[in-house]
Amino acid sequence: MTGGAAAGGGAQVVMAGGALAKNVFWQVAGVMALGTNTTLNGVVLSKTGITLAAGAVVHGKLMAQTSVTLSGNTVAP
């Protein structure tokens with residue numbers, strides 16, 4: 001994506017059809033922001049930064065050129 005991306009509080013991005021988080025990539029040029037208690041599956045690649053609100057869970061990896069900001073989160077493969 002040429003801009004940023006955001007998932008609102010309580011949103012869930014789930015895998016279907018046997019997809020694995022390690023094979024799903026979210027690439028953004030701006031900030032990727034996950035709201036409170038959001039669940040995301042996949043690898044996040046951000047040119048700007050990644051911010052997770054309290055309780056957000058990521059099954060995958062978070063990689064940014066500038067910063068990854070966590071606040072009481074779970075990040076696991």
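Analyst: Start with pairing: two strands pair if DSSP finds at least two bridges between them. Strands themselves are DSSP runs (E, at least two residues), numbered from the N terminus. The model is predicted, so local features need pLDDT of at least 70, side-chain atom pairs count only at pLDDT 80 or more, and totals for chains, interfaces and linings use all residues. Residues are numbered from 1 along each chain as its sequence is written, and side-chain values use heavy atoms, leaving out hydrogens and water.

Ala-33 stands opposite Thr-51 in β5. Strand β3 (residues 31-34) and β5 run parallel and are joined by 4 bridges. On to the next pair: β5 (residues 49-52) is linked to β7 by 3 bridges, again in parallel. Here Gly-49 faces Ser-67 in β7. The whole sheet is open and has 4 strands, in the order β1-β3-β5-β7, with parallel pairing. Its edge strands are β1 (5-7) and β7 (67-69), and each pairs on one side only. From one strand to the next, the twist averages 5°. That angle is taken between axes, which are lines fitted to C-alpha atoms (for helices over the stretch in contact), and angles run from 0 to 180 degrees between N-to-C directions.

Strands of a sheet pair through backbone hydrogen bonds, either parallel or antiparallel.

Now the other sheet. An open sheet of 4 strands runs in the order β2-β4-β6-β8, and its pairing is parallel. At the edges stand β2 (25-28) and β8; each has a single partner strand, so one side of each lacks a neighbour in the sheet. Neighbouring strands of this sheet are turned by 45° against each other on average, direction ignored. Within it, β4 (residues 39-46) and β6 (residues 57-64) run parallel, joined by 8 bridges. Leu-45 has Met-63 as its bridge partner in β6.

Strand β8 (residues 74-76) holds Val-75. Val-75 is partly exposed, with a relative accessible area of 39%. The cut-offs are under 20% for buried and over 50% for exposed, with partly exposed in between (1.4 Å probe, protein chains only). Val-75 also belongs to a nonpolar surface patch with Val-68 and Leu-70, with about 230 Å² of accessible area together. Patch residues have over 30% relative accessible area and no salt bridge; like charges are joined within 9 Å, and nonpolar side chains (Val, Leu, Ile, Met, Phe, Trp, Tyr) within 5 Å. A salt bridge is a side-chain nitrogen of Lys or Arg within 4 Å of a carboxyl oxygen of Asp or Glu. Areas come from the Shrake-Rupley method with a 1.4 Å probe; for residues, only the protein chains shown count as cover.
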